[in-house]
Amino acid sequence: MFRIGWTGVKLSRKVTNASAAFAQTQRRYSTDEPDRSLFGLLFDIDGVLVRGRTPIPAAKQCFRDLVDGDGKYKVPVVFVTNAGNSLRQTKAEQLSHLLEVEVSPDQVVLSHSPLRVFTQFHDLCVLVSGQGPVVEVAHNVGFKNVVTIDMLREAFPLQDMVDHHRRPKDIIPPSKGLPPIDAVILFGEPIRWETNLQLIVDVLLTNGRPGNAVTSLHYPHIPVLACNMDLLWMAEAKNPRFGHGMFLVCLESIYKKITGCELKYEALIGKPSVVTYNYAELLIRQQAENLGWTRPVERLYAIGDNPMADIYGANLYNRYLKAMHRSRSQVQAQGGSASQVTGDPACEASDDAKCSGQVMVGGSFEHRLPEGCGSILVCTGVYNRDQQDLPSDPEQTVTEQRIFHGHRDFRFDPSLTQPSFIVHDVRDAVELVFQVEGWPLQ
């Protein structure tokens, strides 16, 4: 057993020095509260709860402990995943079946879920890329005028020429009219990368009119919004698989190779973007209300397996929360109110494209934000402690093979890859949080 630096709390897994300091701070805070401290849990899915379609054994036991005899959650729980090839209802049903507890769609944040708040694009004609029910997904988050890659390929059959078997034979069919495309929405990795890459670049080079010849460079190009920046993800295979982040690397490289200019994003959504955590915090608040809690949630804990998505994102959000609280305190010290905190008071905390993480999702600056967000890294997915030993120097950080796997537009801060805690699996993670907060788990 490994003892953390306060009396009465024991852990069976190794944690870092930074973890102990974080835990001591939270424990001292909770003992000063007249009532039990309130917290919420953010769970990644792939590599934490499941590997592909197979549940990780610790997950079922973990969630049996998280609900009472009536199946009611003991604390607010939200699932935050960079998967985006399904509807929230479908993902909730899958989780309910795999974990054997009731999961509602209102507990699920998919990579595209925060697009609901990007209402300025909802009435535009958008090209969507991904797989699964992309049209239904697009409509579900608010887009009204949707064009798919297949629709584009059918309208302009001569533009998808890589696969010789799919080229038009004999009679060349005429092109069909489509409305001009105003924006591109990248939901997730597609099935035919070469087709998607070709047609998306066509749209960008022609200012949304892919049937036209390219006569000059339209730059900046029409808006591009991308969901899910994961370079790699963990399924049943022995090694991580390419994620949507890899597709984005290809798209960015092709566009720059052709034009000499950088591909620009209107927004980057999904972990580690702060906007995703703001959206998850909204759902945590709603879950807390459903549990009958009358006081605000004080802390969040994000449990994940990917240092560059889950841990980086949770730590970036923690930095954002600290910056927001500092800004509010400064305004209130000058006799103002929280509603006067405007602009980008926490831009220092986020390196999202165009500071998209500053979007306040579903709330205002009046509501009380959590004090912080702890990050917990499990070893059942992308991160493997056997292959990637912890640095002996606590000032060093945990990264994926010491190579930056994050997105191009996120300035790399090595300190943000350092988790608050490292444990073996999700059950250990939940037990740790309940110990830190002084709650009985069973």
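Colleague: Is Tyr277 buried or exposed?
Modeller: This is a predicted model: local features need pLDDT of at least 70, side-chain atom pairs count only at pLDDT 80 or more, and totals for chains, interfaces and linings use all residues. Numbering starts from 1 along each chain as its sequence is written, and side-chain values use heavy atoms, leaving out hydrogens and water. Relative accessible area is 2% for Tyr277. Buried means under 20%, exposed over 50%, partly exposed in between (1.4 Å probe, protein chains only), so Tyr277 is buried.

Colleague: How many aromatic pairs does the structure hold?
Modeller: Phe, Tyr and Trp rings (six-membered for Trp) pair with centres within 6.5 Å; planes under 30 degrees apart are stacked, over 60 edge-to-face, the rest tilted. The number of pairs is 13.

Colleague: What kind of pair do the rings of Tyr277 and Tyr317 form?
Modeller: Their centres are 5.6 Å apart. Their planes lie at 25°, so the pair is stacked.

Colleague: What kind of pair do Tyr312 and Phe412 form?
Modeller: The ring centres are 6.4 Å apart. The planes are at 20°, so this pair is stacked.

Colleague: How many residues apart in sequence are the parts tied together by Tyr312 and Phe412?
Modeller: Tyr312 sits in helix 9, Phe412 in the loop between strand 16 and strand 17. The parts tied together are apart in sequence by 100 residues.

How values were computed: Helix = DSSP H or I, 4+ residues; strand = E, 2+ residues; numbered from the N terminus.
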